[in-house]
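Colleague: Please pick out one part of this model and go through it closely, together with what surrounds it. Keep it plain.

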Amino acid sequence: MDFNTIPAKQLNDYIGKYNTVIIDLREEEEYMKGHIPTAVNIPYERLEHYGNKLNKYNEIILYCDRGSSSLLAARSLSKLGYKVINIYGGFHSYRGRVSTEMNYLWNLNWRMRESVLILNR
């Protein structure tokens, strides 16, 4: 399965969009310093654990610091049947509004929410 790659300047089109999950693949410390609004934090190293628990009906937007980890993650998730968009250049190339507010994957099942809450402590 394929995935799309878009420039960071197009991210504003997806922030707050229904059935879209923006995932920040950076470490929690980087996420807490600032991230794209509405993005949830699942560090790249932990994504494999959650790969089969994400909602396949959602559009999943992935970004990391500069784009290499999100590219690898996009390949993996697209092979599992997810609708994935990779952000070219990652957070480093994003010039929009930045948030420090913690976000959670409320649209997933309860067990997944508990896991994300634990990860984001």
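Modeller: Asn19 counts as partly exposed because its relative accessibility is 35%, which lies between the cut-offs of under 20% for buried and over 50% for exposed. The model is a predicted one, and every value here is computed from it. Asn19 belongs to the loop between E1 and E2, and its phi is positive, about 60 degrees, although Asn19 is not a glycine.

Tyr14 is placed in the loop between strand E1 (4-7) and E2. Its relative accessibility is 15%, so Tyr14 counts as buried. With neighbours within four places in sequence left aside, Tyr14 is in contact with Ile6, Thr20, Ile22, Glu59, Ile61 and Ile85. Tyr14 and Pro37 are 23 residues apart along the chain, and 10.0 Å separates their C-alpha atoms.

Another positive phi in a residue other than glycine belongs to Thr38, where the angle is near 75 degrees. Thr38 sits in the loop between H1 and strand E3 (40-41). Its relative accessible area is 38%, and Thr38 is therefore partly exposed.

The protein has four helices and five strands, and along the sequence they follow the pattern β-β-α-β-α-β-α-β-α. Of its 121 residues, 47% count as buried. Among contacts with a separation of 6 or more, 66% come from residues 24 or more positions apart.

The part to look at closely is helix H3 (68-79). The 12 residues of H3 should span 16 Å at 1.5 Å a residue, and the end C-alpha atoms are 17 Å apart, which agrees. Which residues of H3 are buried? They are Ser70, Ala73, Ala74, Leu77 and Ser78. Viewed down the axis of H3, these buried residues fall within an arc of 125 degrees, so they line one face of the helix. What do the buried residues of H3 pack against? Their partners are H2, strand E4 (59-63) and strand E5 (83-88). Ser68 and Lys79 lie on the other side of H3 and are exposed. After H3 comes Gly81, with a positive phi near 100 degrees.

Which helix gives the most to the lining? H3 does, with four residues. Helix H2 (44-50) and H3 each supply at least two residues of the lining. Sorted by class, the lining consists of six nonpolar, three polar and one charged residues.

Leu25 is found in the loop between strand E2 (20-24) and helix H1 (28-33). Is Leu25 buried or exposed? It counts as buried, because its relative accessibility is 4%, against a cut-off of under 20%. Apart from neighbours within four places in sequence, its contacts are Ile42, Pro43, Tyr44, Leu47, Leu62, Tyr63, Cys64, Ser69, Ser70 and Ala73. Leu25 and Cys64 lie 39 residues apart in sequence, while their C-alpha atoms are 4.9 Å apart in space.

Glu45 has its place in helix H2. At 58% relative accessibility, Glu45 counts as exposed, the cut-off being over 50%. Glu27 is 18 residues away from Glu45 along the chain, and the two C-alpha atoms are separated by 8.9 Å.

To put H3 together again: its buried residues line one face and pack against H2, E4 and E5. Ser68 and Lys79 are exposed on the other side, and four residues of H3 contribute to the lining of the second largest pocket.

Terms used: Residues numbered from 1 in each chain as written. Predicted model: local features only at pLDDT ≥ 70, side-chain atom pairs only at ≥ 80, totals over all residues. Heavy atoms only, no water. Nonpolar A, V, L, I, M, F, W, Y, C, P; charged D, E, K, R; others polar. Expected span 1.5 Å × (residues − 1). Buried < 20%, exposed > 50% of the residue type's maximum accessible area, 1.4 Å probe, protein only. Arc of directions from axis to C-beta. Contact = heavy atoms within 4.5 Å.
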